[in-house]
Amino acid sequence: MAGTGVFAEILDGEVYKYYTEGEWKRSSSGKSVAIVNPTTRKTQFKVQACTQEEVNKVMETAKIAQKSWAKTPLWKRAELLHKAAAILKEHKAPIAECLVKEIAKPAKDSVTEVVRSGDLVSYCAEEGVRILGEGKFLVSDSFPGNERTKYCLTSKIPLGVVLAIPPFNYPVNLACSKIAPALIAGNSIVLKPPTQGAVAALHMVHCFHLAGFPKGLISCVTGKGSEIGDFLTMHPGVHCISFTGGDTGVAISKKAGMVPLQMELGGKDACIVLEDADLDLVAANIIKGGFSYSGQRCTAVKVVLVMESVADALVEKVKARVAKLTVGPPEDDCDITPVVSESSANYIEGLVKDAKQKGVTFCQEYRREGNLIWPLLLDNVRPDMRIAWEEPFGPVLPVIRISSVEEGIHHCNASNFGLQGCVFTRDINKAMLISDAMETGTVQINSAPARGPDHFPFQGIKDSGIGSQGITNSINMMTKVKTTVINLPAPSYTMG
């Protein structure tokens, strides 16, 4: 159970503590932040409301701890990460329980997220040893006009303190995708979890604590974004920010200053369906891509752009599959569970109402109870409808009928987002041409968009983000190149 057993020390009465200096502490503010269960719409948990003074102390602690950690042998860093991964997977049940209650993620998917996170941490440890264990050796006479009088040695060194801010929908996995690369690279980490998902993240951090990482190396602060959000992202002690979320990321990027940024800020992932596509395959992937975790994924299919000649057939196939989706509480492993908050549900409903006023075709009756919205396919969506462009982050999927591939590409590229997209066709040549034309960080051919496997590059363009993720890319991003040049008194040639 959450907050019991090995996790008992992270809970103080009804309020979960924050983590710094290798200890679980209460905030001096005496205040807490409530976490509302999306299903019951009642307060489920409470976390500390940390102060700016406490953030300052955390940053100072992280700075000191990082200096020692940078001198820790690579094999030792990897050993501790492997240990943390094992503990994380061992305690998957109580962490998954938090995910069910905090973000209404189906029970089986919650367990999968924790196990996947443990696998990510272990893979990151191994990859880090390979990447960071190698450097480059350059010689000066490879550039015109130079004799071999200089030897250049390059290596990767840590940036310092990494600030990690994961989103509510994957508060454990996307926290680990930032924490593990930072640590193997020799950085310290300050984690600011989302409010919805904070308790799951605190349990995850305790697994790293149990693994025996040095005190102060890992910190986790909770609190209101209005009080410590900007203070954290603009803090002079931060040397790198890895953020996953929405519009807040744009504001952070404008305020952060001269620090490396790794940001993934959402998408309007388009699914382009050609006449020759396997429609059964397409329908299965639209259900998987558009409705898993109630559509609350950055890489969810957000708009279907289907050729008119096969649109009727595809819509019927998708409708038949939508009818089979189970709707209800996450504890029952339902396919569609409540969205994360009432404000999210209201926003989604606003998009549906706008489309209804403009003449959209409802493939199912719109139905909502509290935060629970039944899956809805909207056909004959037009570009003047908000749902054609805005990201619902819910179980509502628009279908736009197109008369040409060019029309589909144009709609995809007209979006201010550019995270992922997908194209379904049996013609690989057409698929490659469309992929090259789509202005997105990734294009999936004959499959729904997806972030994983976690070692694949993952990036967006335009308003979808800055930089590239994936284990290898994250390790490289959280380091900087250090060069040492040996100047020789005379040209030197091997075996001359």
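Guide: A residue counts here as buried when its relative accessible area is under 20%, as exposed when that area is over 50%, and as partly exposed in between, with a 1.4 Å probe and protein chains only. The structure is a predicted model, in which local features need pLDDT of at least 70 and side-chain atom pairs count only at pLDDT 80 or more, while totals for chains, interfaces and linings use all residues. Residues are numbered from 1 along each chain as its sequence is written, and side-chain values use heavy atoms, with hydrogens and water left out.

Visitor: Why is Glu79 called partly exposed?

Guide: Glu79 has a relative accessible area of 40%, which falls between the limits of 20% and 50%, so the residue is partly exposed.

Visitor: What makes the pair Lys76 and Glu79 a salt bridge?

Guide: The term requires a side-chain nitrogen of Lys or Arg within 4 Å of a carboxyl oxygen of Asp or Glu. The closest N and O atoms of Lys76 and Glu79 are 3.1 Å apart, so the pair qualifies. Both residues lie in helix H2 (residues 74-90), three residues apart, about one turn of the helix; helices (H or I, at least four residues) and strands (E, at least two) are DSSP runs, numbered from the N terminus.

Visitor: How do you know that Glu127 and Arg130 form a salt bridge, and how does accessibility class each of them?

Guide: Their N to O distance is 2.6 Å, which is within the 4 Å limit, and the pair is therefore a salt bridge. Glu127 and Arg130 are both in helix H4 (residues 107-132), again three residues apart. Glu127 counts as buried because its relative accessibility is 12%, whereas Arg130, at 45%, counts as partly exposed. Elsewhere, salt bridges that share partners join Glu308, Asp312, Asp379 and Arg401 into one network, and a search of the whole structure finds 26 salt bridges.

Visitor: Why is Ser177 called buried, and what does its side chain meet?

Guide: Ser177, in helix H5 (residues 173-184), has a relative accessibility of 8%, which is under 20%, so it is buried. A polar atom of its side chain lies 3.0 Å from the backbone oxygen of Leu174. With contact taken as heavy atoms within 4.5 Å, Ser177 touches Leu120, Arg451 and Ser474, not counting residues up to four places away in sequence.

Visitor: What makes the backbone of Ser294 and Asp333 worth a remark, and how does accessibility class each residue?

Guide: Phi of Ser294 is near 55°, a positive value in a residue other than glycine, and Asp333, also not a glycine, has a positive phi of about 60°. Ser294 lies in the loop between helix H9 (279-291) and strand E15 (303-307), and it is buried because its relative accessible area is 0%. Asp333 lies in the loop between helix H10 (308-322) and helix H11 (342-357), and its 27% makes it partly exposed.

Visitor: Which peptide bond is cis, and where does its proline lie?

Guide: The bond from Gly452 to Pro453 is cis, with omega near -5°, and Pro453 lies in the loop between strand E22 (442-445) and strand E23 (458-459).

Methods. Polar contact = N/O pair within 3.5 Å; in protein donor to acceptor, adjacent residues only side chain to side chain.
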